[in-house]
Amino acid sequence: MAGRERAWRAAAGLCLLLLPAFSGCASPAPGNGTGARAEVQRVLDRRATALLGRDEAAYATTGTRTPYTRLRALPLASWAYRVTSLRPDGTSAEAELSYRVAGQDTAPVTARRTLTLSHTADGGWYVAAEGPARGAGEQLWDQGPVSAVSGAHSLVLGTGQSTGALRGYARLADRAVPAVSRAWGARWARRVVVLVPRSLDGMAALLGSPAARYRGIAAVTTAETPGAGRAPADRVVVNPEAYAALGDLGKQVVLTHETTHVATRSATTAATPLWLSEGYADWTGYLGTGRTPAEAAPELTRAVAEGRVPDALPADKDFGFTGDPAGLARAYESGWLACRMIAERGGEEELRAFYRAVGAHRGRAGAVEGALKKVLDTTPEAFTAQWQDYVRDQLG
């Protein structure tokens with residue numbers, strides 16, 4: 001694994017969405033306030049009921065069938081719309097889509113949707129098209145028919161991918177889940193959903209960001225919001241182009257790293273610095289691989305050889321995709337070595353306790369300091385000095 005491979009992983013916040021077109025009938029008619037909005041809501045309720053009931057004929061009476069045909073392979077436990085606004089001329093509506101994938105999601109995914117509306121010949125409403133709202137990313141099925149492969153601990157969903165390719169992802173995910181449970185414990189869903197779009201552009205569209213931001217990034221873990229309590233629905237979104245460039249070990253480390261983010265989501269809050277969340281995910285990803293520190297941290301090894309031991313643990317901004325892959329790699333490597341040092345000196349249980357203690361703090365200010373004192377009986381200054389010595393010892 002090169003250092004840049006570690007730069008191919010990150011966590012992000014998730015936007016999920018829905019679908020396209022229908023050939024119209026009569027021309028649109030103006031809406032009439034709350035009455036029209038209520039009528040549109042009833043159409044969307046029927047649409048959701050038909051989708052969940054696998055009743056294509058009933059679904060077709062509500063508008064375009066494209067979403068239905070693209071969603072056939074997706075096992076759904078729930079699906080509902082809530083109209084949030086209706087244009088005065090009745091040509092479109094904004095809605096919140098809420099859904100859960102059966103056997104996977106303990107909390108619903110929500111997505112902002114735009115629905116193009118028209119009228120049937122008898123004056124009823126129908127949905128001429130569905131798609132992401134302005135500023136929101138696409139859903140996987142916006143990009144084409146979804147294929148699904150279920151593993152022992154995973155569900156892999158793809159567009160433009162062969163069944164064989166999706167099975168390969170499932171095998172790696174099925175190895176990642178028990179590996180993460182051995183490190184973190186069993187108090188999480190112990191399942192992972194992996195999304196594999198056709199290309200880098202497809203990945204970027206799912207995340208609602210420019211493709212250039214994710215070039216060279218092999219995978220991203222997404223969630224609606226981090227925080228304590230019940231974890232929201234996470235997805236591991238793969239960049240198939242960057243992922244294909246990895247070797248077998250690199251592919252496994254990436255999926256184990258991302259699965260770690262899924263497992264730790266409920267303990268990861270605004271108080272958790274990225275050096276800890278990313279470092280812990282890398283620490284879990286590399287467990288049992290036999291990689292030496294110099295092999296796993298080549299960019300930081302190069303810096304140490306040049307006498308450039310970092311002055312401090314990386315700040316959150318150091319994990320941004322800024323076009324400096326070497327700097328990004330050093331940030332990941334630094335966080336990994338900090339977590340490795342804690343586990344090596346105090347044990348894996350102490351590392352887990354430290355992670356949870358930081359996340360349990362009310363806010364960022366004082367979170368690391370408090371956990372260092374409570375769990376490791378040290379100060380930020382002493383911990384940083386110990387880490388710098390550890391970096392020199394391991395990489396020098």
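Predicted model: local features only at pLDDT ≥ 70, side-chain atom pairs only at ≥ 80, totals over all residues.

Me: What angle and axis distance do helix 9 and helix 13 have?

Reply: Helix 9 (274–286) and helix 13 (348–359) pack at about 150 degrees, with axes 11 Å apart. Axes are lines fitted to C-alpha atoms over the stretch in contact, and angles run from 0 to 180 degrees between N-to-C directions. Helices are DSSP runs of H or I with at least four residues, strands are E runs of at least two, and both are numbered from the N terminus.

Me: Which residues of helix 9 and helix 13 meet?

Reply: On helix 9 you have W275, L276, S277, Y280 and W283, and they meet E348, L351, R352, F354, Y355 and V358 of helix 13 (contact means heavy atoms within 4.5 Å). That group divides into 8 nonpolar, 1 polar and 2 charged. Nonpolar here is Ala, Val, Leu, Ile, Met, Phe, Trp, Tyr, Cys and Pro; charged is Asp, Glu, Lys and Arg; the others, Gly among them, are polar.

Me: OK, another pair. How do helix 11 and helix 12 cross?

Reply: The axes of helix 11 (298–305) and helix 12 (325–346) come within 7 Å and cross at roughly 95 degrees. That makes helix 11 roughly perpendicular to helix 12. P298, E299, L300 and A303 of helix 11 meet A326, A329, R330, E333, S334 and L337 of helix 12. Those contact residues divide into 6 nonpolar, 1 polar and 3 charged.

Me: Switching topic: is E130 buried or exposed?

Reply: Buried, because its relative accessibility is 4% (buried is under 20%, exposed over 50%, partly exposed in between, with a 1.4 Å probe and protein chains only). E130 belongs to strand 5 (125–132).

Me: Which side chains does E130 make polar contacts with?

Reply: One is R47, at 2.7 Å, and another is Y81, at 3.0 Å. A polar contact is a pair of N or O atoms within 3.5 Å; within protein, one must be able to donate a hydrogen and the other to accept it, and residues adjacent in sequence count only if both atoms are side-chain atoms.

Me: Why is helix 6 called largely enclosed?

Reply: Because 6 of the 8 residues in helix 6 (200–207) are buried: L200, G202, M203, A204, L206 and L207. Their cover includes strand 9 (219–222), strand 10 (235–238) and helix 7 (240–244). At the start of helix 6, a side-chain oxygen of S199 comes within 3.4 Å of the backbone nitrogen of D201. Just after helix 6, G208 has a positive phi of about 70 degrees.

Me: And where does A267 sit?

Reply: A267 is in the loop between helix 8 (248–264) and helix 9. Its C-alpha is 5.5 Å from that of G359, 92 residues away along the chain.

Notes
Residues numbered from 1 in each chain as written. Heavy atoms only, no water. Parallel < 35°, antiparallel > 145°, perpendicular 65-115°, else oblique.
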